[in-house]
Amino acid sequence: MKTVLIPTDFSEKSLQLIKNAVLHYPEESIHLVLAIGYKMPLISTLSKSKLVSNLPNDAFKTRLSELRLEHGSKITDVKIEMYTGESNEAFKSFLKVNHIDDAIIPKMGLHQFPNKKCFGLCTLIRAYSPQVSSVDYQAGDDNETMRSPIFNLKYQFNFNK
Amino acid sequence: MKIKNKITFIFVILVATMQLVIFTVIYLFAVDYTTSAFFDKLKKRTIIAEQSYFEKDTLNVEIYEDLRRKHLQTLPEEQEFIFPINTELKAISEELKIALPETFYSSLITNNYAEAKVGKTFLSGINYNDHTANYLIILTAQDHDGVNELSNLRTLLFFLFLLNIIVLLLLGRFFAKRTLNPLTQIIEKVNTIRVTNLHERLQTTHNRDELSQLASTFNDMLDRLETSFDIQSNFINNASHELKNPLTAILGQTEIALLKERSPEEYIKVLEGVETEALRLDALINSLLKFAQTENDEKGLLISPMRLDELILEVKGNIDLINPENKIEIDFNDFPENPDLLVVEGNYGLINIALNNILDNASKFSENKKVIVKIVANNSVIKIVVTDQGVGIPADEIKNIYQPFYRAANVRNVKGYGFGLPLTYKIMKLHSGTIEVFSEHKKGTIVTVIFPNKHQRTSISK
């Protein structure tokens with residue numbers, strides 16, 4: 001059995017990577033670790049486990065359970081982990097603690113994070129994971145980053161042209 | 001009226017109305033303030049007049065007179081009147097040459113003080129009482145300064161209002177033009193798009209405003225149009241090519257056979273070759289007919305309930321007969337406890353063809369590697385998930401897989417006509433279902449066929 005790390009941004013689309021994992025390990029069962037980076041504030045009223053259950057929306061949770069069911073013979077378990085470290089060493093120990101054997105990351109990274117505190121782990125995974133496979137991934141139309149209201153207003157009146 | 005002008009007009013009307021209300025309030029406050037300030041001035045002068053006429057101490061009287069003369073400016077049209085207390089209103093009015101209001105007189109008698117404004121004239125009165133005599137002291141004056149100030153304010157507000165209307169018109173027009181500029185660009189761009197440049201797209205912004213959505217909607221429509229055009233033109237090209245290949249082979253073989261006299265064995269060999277190509281042609285034409293039939297026979301389909309798990313087992317049995325080396329495995333884990341959830345309503349023959357195409361493709365394009373078929377059902381949908389370890393579909397070709405005769409570059413050496421998936425797609429659409437294909441080049445493909453649960457669906461799609 002292999003433990004495969006898959007970065008996520010809690011968008012339904014990012015769960016495509018689970019299908020990639022299913023195709024990458026045809027002969028083995030896989031244990032999936034879906035991971036997202038989170039800048040934990042100094043004082044936080046929510047624990048990591050609370051954040052992990054609050055941040056993803058219902059569509060994400062439903063699709064995840066559907067995929068687990070559809071590929072039940074291959075996927076033995078799926079765990080959602082939140083990485084809150086700030087150093088490379090912290091990420092290395094995150095990989096170690098979760099017994100990661102391999103990782104699947106999108107070539108163009110992930111962009112549809114639910115808030116500004118979340119961040120992608122693709123660069124860290126590419127640098128420190130024991131094995132990495134980069135796959136084609138299209139985030140879709142709604143992958144734009146958040147813009148300031150002033151920018152939108154300027155855009156509305158074409159001042160930036 | 002153009003939208004640009006309409007927006008400007010509404011903008012100007014709204015802002016001008018608001019401004020008119022604000023200016024009116026400002027003017028009314030100014031009128032109120034000026035009037036009360038003048039009454040205040042008049043009241044003070046009335047009190048001083050009273051003191052100067054009726055003060056007992058002659059020294060004080062002189063001081064008051066001196067104060068009035070030197071320090072207090074006389075008000076315009078100022079007049080002082082002293083009447084005995086028993087003077088009637090009419091007599092007072094005649095003396096003042098003003099129609100004195102009844103309220104002024106009664107207030108003067110009862111409250112010992114009254115003020116009023118009659119036309120341009122301001123009136124202030126005091127009822128003087130002492131032990132020896134009772135008198136009514138009335139002062140009249142006109143507020144020329146106040147009238148001038150108010151007139152100036154009126155003129156200023158009026159010109160400010162006019163100036164604002166002009167500025168609002170210019171600004172409104174400018175912003176309306178800026179806002180609607182993308183719409184003009186969209187109209188100009190859409191007008192230039194013809195069949196020859198159908199690949200061109202409208203420029204979209206990152207904004208999620210209505211204009212950006214309109215551009216995206218146009219682009220989506222152009223995508224669909226372009227795909228339809230491509231499908232139509234490719235269909236004729238590919239169909240001609242596929243039909244021509246066996247015919248060329250038949251013609252070539254017969255031509256060579258007829259060049260000279262041949263032995264019966266040689267003729268048999270040629271005829272066998274002709275038969276192979278004719279059979280290929282027959283299969284191709286049959287596929288074409290089936291494809292056309294699904295388009296034409298939507299209304300005349302025979303619909304019956306069927307269990308999908310049983311159908312899959314039957315399809316697998318058929319494939320086993322044709323290709324005994326296949327490694328299709330049906331995963332019965334997570335099977336629904338209620339068998340009714342596996343029942344779909346549809347045309348048995350067509351669904352059989354659709355599933356047969358998918359399982360056959362999975363086996364064919366993976367060189368008989370393991371293929372896993374899993375059925376997942378719940379109250380809303382029934383899914384059949386087929387996972388293979390085949391050659392996969394290149395990412396840039398996946399958008400073409402539902403085009404008839406289309407064959408991905410990496411499977412040209414595998415036998416087939418490029419009809420399987422388009423036909424399956426049509427059959428699924430006919431049964432209000434969908435088909436999802438996820439593939440990674442050189443890794444494999446996951447095909448998910450989704451049927452609506454029969455309890456959810458009311459009728460077959462038309």
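This text describes how chain A and chain B meet, and then a pocket lined by residues of both chains. The model is predicted, so local features need pLDDT of at least 70 and side-chain atom pairs pLDDT 80 or more, whereas totals for chains, interfaces and linings use all residues. Residues are numbered from 1 along each chain, chains are lettered from A in the order in which they are written, and side-chain values use heavy atoms, without hydrogens and water.

In the interface, 27 residues of chain A are in contact with 33 residues of chain B, contact being heavy atoms within 4.5 Å. The size of an interface is often given as the accessible area lost when the parts come together. Here the buried area is about 2700 Å², with 53% from carbon and sulfur atoms; it is the accessible area (1.4 Å probe) lost on being put together, summed over both parts.

Two salt bridges link the chains, each a side-chain nitrogen of Lys or Arg within 4 Å of a carboxyl oxygen of Asp or Glu. One salt bridge joins A:E70 and B:K383, at 2.7 Å from N to O. On the side of chain A that touches chain B, two or more residues come from each of α1 (16-24), α3 (58-70) and α6 (149-156); helices are DSSP runs (H or I) of at least four residues and strands (E) of at least two. Of these, α1(A) gives the most, six residues.

The second largest pocket is lined by 35 residues, with A:K13, A:Q16, B:I398, B:V437 and B:F438 nearest its centre. On a 1 Å grid over the protein atoms alone, a pocket is an open set of points with protein on both sides within 12 Å along at least five of seven lines, and lining residues have an atom within 4 Å of a point. The strand β10(B) supplies the largest share of this lining, six residues.

Methods:
Buried area = accessible area lost by both parts, 1.4 Å probe. 1 Å grid on protein atoms, 1.4 Å probe; cavity = no way out; pocket = protein on both sides within 12 Å on 5 of 7 lines; lining within 4 Å.
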